[in-house]
Amino acid sequence: MADSSTMAGFEMAADDCVIVQFEGWDGAMAQFEAQLRRMLDGPLPNEVGETVRHDSWVVIRVAPRRFWLLGDDPLPIRDIDPELGCTLPLGEGRVRLRLFGGVIKHVLERCVAVDWKTLGEGRAVQTGLHRVPILLLRRSAFECDLLVPRSFSKSMTEWIADASTAGP
Amino acid sequence: MLRIECPCCGPRDHDEFRYGGDASVTRPAYDDPDFEAWYRYVFVRENPAGLHREYWQHVVGCRQWLVVERDTRSHTIASIRFARETRA
Amino acid sequence: MRRLAIGGRIDRSQPMEFTFDGRAMTGFRGDTLASALLANGVRLVGRSFKYHRPRGILSAGPEEPNALVTLGTGGRREPNLTATTVELADGLVAESQNRWPSLKFDAQGINGLFAPFLSAGFYYKTFMGPTRRAWMFYEHFIRKAAGFGRAGEEPDPDRYDVRHLFADVAIVGSGPAGLSAALAAGEAGARVVLIEQDFALGGTLLSDPQDSESAAWLSGMLARLAGMPNVSLMTRTTAFGAYDGNVLGLVERHGSGTADPKEGQARQMLLLLRAKSIVYASGALERPLTFANNDRPGIMLASAARIYLNRFAVLTGTRVVVATDNDSAYRAAFDLATAGAEVTIADSRAEPIHDLREQARRRGVAVRTNSLIANALGRRAVRAVSLSEPGGAATVRCDLVAVSGGWSPTVHLTSHFGVKPVYREDIQTFVPGKLGAGRFVAGAVMGGLTTAGAIEQGHRAGVDASAFCGAAKAVQQPVRLELTEIDAGPDDSPLGTSLRPAPLAQLVRGGYGSPAILPELHRPRRSGETSHAKRTRGGDEEGAKLAAGKAFVDIQMDVTTQDIALAHREGYESVEHLKRYTTLGMGTDQGKTSNFYALSAMAGLRGMAVPEVGTTTFRPPYTPVAIGALAGRSIGHHYKPIRRTPMHDWHVANGAQMLEGGLWMRPWFYRTSGRDVNEAYVAEMRMVRETAGLMDISTLGKIDVQGPDAAEFLDRVYANGFARLPVGRARYGIMLRDDGIVFDDGTTTRLGERHFFMTTSTAKAADVMSRLEFLLDTAWPDLRVSVTSVTYEWAAMSVAGPNSRDILAAAFPDLDVSNEALPHMGLLEEQYRDMHLRIIRLSFSGERAYEIYVGASLGNEVWCRLMEAGAPFGLKPYGVEALGALRVEKGHIAGPEIDGRTTLDDLGLSRMVGKRSGYVGEVLERREAFSDPARPRLVGLRCFEPGKQLHAGAILFRPNESLQGHGLGRITSVTYSPALDAWVALGLLAREAAVEGAEIVAASPIIGQAVRARVVSPIFLDPKGERLRG
């Protein structure tokens, strides 16, 4: 579905990104987080859904013991002590859709069951979009990123573009 | 439409979850050879009309397994905890 | 009937053109289709369901049983819409239903003559023979004769949509209670959504004249609410269902003002509103009265006559009889008289209050007490009523009969959670039961009798609902509505309340209404009985007159009082049986105007109190919802999401016929291999066995398993061992379910001491992932293991065939892919140029094969590189059909063999387990039943009948055995084998019959085939696996 007939002021762009996952073992979380903080030289998000910005990348807590580092450039990763946790690159499997526009709320409420009104900037939500698991990251009042599985990316962009063609 | 409040992701529609069956049964240790214990664990269920402890996994979210206490008559949910915590 | 020159809430400056049954008519913006029809003098709007009796408009709302119309043409055709709720739009095309050739001269009107044979449940008693098939024959005609509108058959060109909404307080209904609740909750700081099914807000207040105090109150409230940014007012939106978790299902209709929506606009939208609390302010519906021929055009609910007058400026009659058993109808009588009609009130009560009689007298309205309508005269339009009074019968000429049998609170939504309504004896009606936390009721829906009360209750509910959500800012006192008497008399007492609380004695027969009064004919007379009905009917002569007409209880489904009595006589006494035997309450109106009468009639027949009879279950939707709205945008191309591999576009561009496998698109076969699938897969099989083939296997489930306890974890989840698998080696593994049945198979490769790469079948990928997480979270939380799905992280392809190694070496010249460096089941993980490659030497086809994994973004590049390097070696792509066929030739089990019923032993794989223990499924795998010799085990079958082929799903029998019953087993997978030039199959055959060399018959009764085959080893080719190694 072409985006020539999308709602006025709505844009969607797709690109690749780098994602690295860090997971700590239950029972060793305090030490794991300490090591991760040292490695990243900065704080970690405390709760699932919270994010922290470090220079050009974002740290997202996606599960009680799991973090994602999201960025554009290769990330400076050193190995985690295997007694504390482990790491895994995940950027190949996902495409980042950047959504922008004054009507973004109208588009999103036709795609995901997320309360845009109460979703703070910098918050991340993992939910389903047309039954596909995605991660939504709110960047500003009218902008958000969607991390969608690469195998579904064409399907997702068509679905979202279709939602954006809705009239008033 | 059940609304299930995941302890770390907040209230979500039930179709974000996968149902995992009865959580009140005790799983024998992985190397327990007791046939009766495994038989009870796999096949025998109380099936109460009332509060039921059951497993749900937040599959499109944090992927954590939860133990939910749901009233099978009214769908009212009394409690939700991480499955890991209930083992402690 | 006529439109008045002034008054009403219509906009006379915006006329609208529409057609009804081809006739061009005009209405105004603000009209419903019904009010416009009435204004145009249309009395006859439909024919009834069974008897095809002429029908007119009964109500002014969604409870309408008669005025069902079809709107639109072609793919936009929508039947069974109530004209009373259709917002008039320019260009509307409407048609009446259930009549042929026309409304006036409907041929099936003669059904009335057959009426004695068409009573309730007639089709259970007639049309029963001569053969069992006969019913299907009769049913064809019965269906054509009975029924409502006809649906469209062309694709719907309109757009529908689904939106997800959130709120603190959701309020259903915009009458005085709902508006007050919205104001209070809004002031308290809650996020409020007010939902109204009408296109105008106000609820019952819209039935008051425009210059009334209530109209002024309404305008004031709407102005205040419009100024509150945290309050959202939704019109044209029906709350059709209340669901667990306080989720409301809403359907919103477009309000473009024209018949069709604007460009890009959805015709209807499904809204899923997730609210923290709900206030039900859905009001009450008026009940009609039951008397002979109470379904004639021109008989209308009293409140409807009032609405058409005050809201739409349509005077629906000039000589009016208002028949009632309560006070509320007096308002209709007075307003009609003020508009110039000649009005007579027939009050069934002995003594209405003095004040009302005074009001009536002052307006020239005659009041007859102890007066019941016995019969309505006139066929296509009522022309008179026959009244039954103590002094005898009386006939009153009229062109409008406005009836009121009391009010039923609209409890439907409150009951959707399974809370049954409760009966209130004092007002003789059902009100909502005890609702759970976060659910509140206000106004007429809870049995409230006055407008002032509704405002108080609404205000209270708004405060409570917002407090429940944690919004507790200070709220002002409610804006009260001081209703004064229209025509103040010496008593100076207020009149303008919906229902006046009357002394208890009168409430028994007044207030919300009284139980149905049945014709006496069917009840055995007991000596000395002086029932109210008998007294007022004055004897047998009246009884005989009564017998001449049908008294309808469910007007839409043509269910009469006689039908209810019949159901009772035949033993269908319970309210659930009554409903289904008579079809009462099963129409599109779901019995909104009939349920209460039916219950009370049955209660009377059974000699029980109404609450003992109970109610049927209210289920969503409250009013019909178009399936298009429920589907939203998930239609056609968007029906489900499509999953594509990284090489998808290459396949499509290179002649692949794609196949849906779950959500994945996979190449089925390539059109370069053959003209159709049967030709192609054989050619592709040959190619793989003789030279080489390239297969896209990106859809396989892939799971990353890491951690200090990863090896221990795999040892427990797989039936065969993995803890001692050397680094750099792969192993085929099988997982069992807890009950010992085989769950899934796959291959796991050890990447490092604490790092494994697991693959699963495509179909079970998600299930396996959840299972692993389940075991870690609930059974073994002490194990330090991380499992992550990486299915779409890696593009994967398999080069298979005798030339595979040469092709791999040609594609990646710098890599050492020799047999020493990369033996069978070995791993090579290398950085090649800027690509990270993972190559595992594995085979599903039985030929030497290599699975190449690379990051998904590079999949296409590596695929093309292999194709190019492989061209001189004859490399071509092959699809899933050939893939499946190749593995059958090699006796590899897959989904059809792992069907949830087979064990390792059945599949001949128990040697994989050896003497291991401590794995999932181990204990229950050892149960007695699994060693039953009758259990089927895996065999190979080879067809030896020339010209015939084997079929999957065939049942296996011994030769000369009768081909009946369960047989000895079944065929699970089938293929033609070009290498053997024979049809071969894998099957499951009872152990006792599974003797190599034995002859077997494979029967497929559905296609009428029986084929002879021989039991052989399931590994049809290269049993020692020599082609795999070296």
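**Reading helices, sheets and contacts in a predicted model**

Biologist: Why does B:Thr86 count as partly exposed?

Modeller: B:Thr86 has 15 other C-beta atoms within 10 Å, so it is partly exposed. The cut-offs that matter here are 20 or more for buried and 12 or fewer for exposed. Keep in mind throughout that the model is predicted.

Biologist: Where in chain B does B:Thr86 sit, and which residues does it touch beyond its sequence neighbours?

Modeller: B:Thr86 belongs to helix α2 of chain B. Leaving out residues up to four places away in sequence, B:Thr86 touches B:Val67 and B:Arg81.

Biologist: In what order do the elements of chain B follow one another?

Modeller: Starting at the N terminus, the order is β-β-β-α-β-β-β-α, which gives two helices and six strands. The C-alpha trace of chain B spans about 40 × 30 × 20 Å along its principal axes. Chain B has 88 residues, and 26% of them count as buried. Of its contacts with a separation of 6 or more, 46% are between residues 24 or more positions apart.

Biologist: How do I read the interface of chain B with chain C, and how many residues are in contact?

Modeller: Interface size is often given as the accessible area lost when the parts come together. Here we count residues instead: 25 residues of chain B are in contact with 22 residues of chain C. On the chain B side, β3 (18-22), α1 (35-43), β4 (51-57) and α2 (83-87) each supply at least two residues. The largest share, four residues, comes from α1(B). By class, that side of chain B has 12 nonpolar, six polar and seven charged residues.

Biologist: What are the corresponding totals for chain C, in helices and strands and in buried residues?

Modeller: Chain C has 26 helices and 49 strands. Of its 1030 residues, 54% are buried. Among contacts in chain C with a separation of 6 or more, 67% link residues 24 or more positions apart.

Biologist: How is a helix pair described, and at what angle do α14 and α16 of chain C cross?

Modeller: Two packed helices are described by the angle between their axes and the distance between the axes. Helices α14 (residues 561-569) and α16 (residues 595-606) of chain C have axes that come within 10 Å and cross at roughly 45 degrees. That angle makes α14(C) oblique to α16(C). The crossing is right-handed. From α14(C), C:Thr561, C:Ile564, C:Ala565 and C:His568 meet C:Ala598, C:Ala601, C:Met602 and C:Leu605 of α16(C). This contact has six nonpolar, two polar and no charged residues.

Biologist: Why would contact residues be spaced by three or four places?

Modeller: An α-helix has 3.6 residues a turn, so residues three or four places apart point the same way.

Biologist: Which residues make the contact of α23(C) with α24(C)?

Modeller: Begin with the geometry: the axes of α23 (residues 804-811) and α24 (residues 859-870) of chain C come within 8 Å and cross at roughly 115 degrees. This crossing is right-handed. C:Ile807, C:Ala810 and C:Ala811 of α23(C) make the contact with C:Arg865, C:Leu866, C:Ala869 and C:Gly870 of α24(C). Five of these residues are nonpolar, one is polar and one is charged.

Biologist: Now the sheet in chain A: what is its strand order?

Modeller: Strands of a sheet pair through backbone hydrogen bonds, either parallel or antiparallel. In chain A, an open sheet of five strands runs in the order β1-β7-β10-β9-β8, with antiparallel pairing. Strands β1 (10-15) and β8 (124-129) of chain A are its edges, each pairing on one side only. From one strand to the next, the twist averages 25 degrees.

Biologist: How many bridges join β8(A) to β9(A), and which helix packs on the sheet?

Modeller: Six bridges join antiparallel β8(A) and β9 (residues 132-140) of chain A. In one of these strands, β9(A), A:Leu137 is the bridge partner of A:Ala124. Helix α3 (residues 153-164) of chain A packs on the sheet and touches β1, β7 (94-101), β8, β9 and β10 (143-149) of chain A. The direction of α3(A) makes about 175 degrees with that of β1(A).

Methods
Residues numbered from 1 in each chain as written. Chains lettered and ligands numbered in written order. Predicted model: local features only at pLDDT ≥ 70, side-chain atom pairs only at ≥ 80, totals over all residues. Axes fitted to C-alpha atoms, helices over the stretch in contact; angles between N-to-C directions. Parallel < 35°, antiparallel > 145°, perpendicular 65-115°, else oblique. Left-handed = near helix turned anticlockwise from the far one by under 90°. Contact = placed C-beta atoms within 7 Å. Nonpolar A, V, L, I, M, F, W, Y, C, P; charged D, E, K, R; others polar. Pairing = 2+ DSSP bridges.
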